Amino acid sequence: MMDNLSDILSRKGLHEPPEIKIIKDFVFKKYSESVSVKVDINKIIIFASSSALASSIRMNIPEIQKACDTDKRIAIYLNN
């Protein structure tokens, strides 16, 4: 019998990397703005809603890397 796609995915145990929650919480606490985050093997991409927010986040990249305990490159893109 075939399983539903939702049943297969629920058993898969997909979890988001902890860096995502750390970055989202950091940005929300500091700027009261939401961001999207994508984690790749070598980099973390933060999608900001405005250039002002992106610029402000860029000034805090070392602090974000320390909070995440990572040496991955952090890139900030505008989310249109």
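Where does D69 lie? In this predicted model, D69 lies in the loop between α4 and β3. The residue comes just after α4. Its phi is positive, about 55°, although D69 is not a glycine. Most residues other than glycine have a negative phi. D69 is exposed, with a relative accessible area of 71%. The cut-off for exposed is over 50%, and D69 therefore qualifies at 71%.

A positive phi is also found at S32, where the value is near 55°. S32 is likewise a residue other than glycine. This residue sits in the loop between α2 and β1, the latter spanning 36-39. S32 has a relative accessible area of 55% and so counts as exposed.

Helix α4 covers residues 61-68. Its buried residues are I61, I64 and C68. Around the helix axis they cover an arc of only 60°, which puts them on the same side of α4. The face turned away from this buried side carries the exposed residues P62 and K66. The buried residues of α4 pack against two helices, α2 and α3, and two strands, β2 and β3.

The packing of α4 on α2 can be described in detail. Two packed helices are described by the angle between their axes and the distance between the axes. Helix α2 comprises residues 18-31. Its axis lies 10 Å from that of α4, and the angle between the two is about 135°. That angle makes α2 oblique to α4. The crossing of α2 past α4 is right-handed. From α2, the contact draws on E19, I22, I23, F26 and K30. From α4, E63, I64, A67 and C68 take part. By class, 6 of the contact residues are nonpolar and 3 are charged, while no polar residue is involved. Two members of the α4 contact set, I64 and C68, are also among the buried residues of that helix.

Helix α3 spans residues 51-58. L53, A54 and I57 are buried in this helix. Viewed down the axis of α3, the buried residues fall within an arc of 100°, so they line one face of the helix. On the face turned away from the buried side, S51 and A52 are exposed. The buried residues of α3 pack against α2 and α4, and also against strands β2 (43-48) and β3 (73-78).

Is N60 buried or exposed? N60 has 11% relative accessibility and therefore counts as buried. The cut-off for buried is under 20%. Which residues does N60 contact, leaving aside its neighbours within four places in sequence? They are F26, K30 and Y31. F26 and K30 also belong to the α2 side of the contact with α4. N60 and V27 are 33 residues apart in sequence, yet their C-alpha atoms are 9.7 Å apart in space.

S32 lies between α2 and β1 and is exposed. D69 lies between α4 and β3 and is exposed.

Methods: Residues numbered from 1 in each chain as written. Predicted model: local features only at pLDDT ≥ 70, side-chain atom pairs only at ≥ 80, totals over all residues. Heavy atoms only, no water. Helix = DSSP H or I, 4+ residues; strand = E, 2+ residues; numbered from the N terminus. Buried < 20%, exposed > 50% of the residue type's maximum accessible area, 1.4 Å probe, protein only. Contact = heavy atoms within 4.5 Å. Axes fitted to C-alpha atoms, helices over the stretch in contact; angles between N-to-C directions. Parallel < 35°, antiparallel > 145°, perpendicular 65-115°, else oblique. Left-handed = near helix turned anticlockwise from the far one by under 90°. Nonpolar A, V, L, I, M, F, W, Y, C, P; charged D, E, K, R; others polar. Arc of directions from axis to C-beta.
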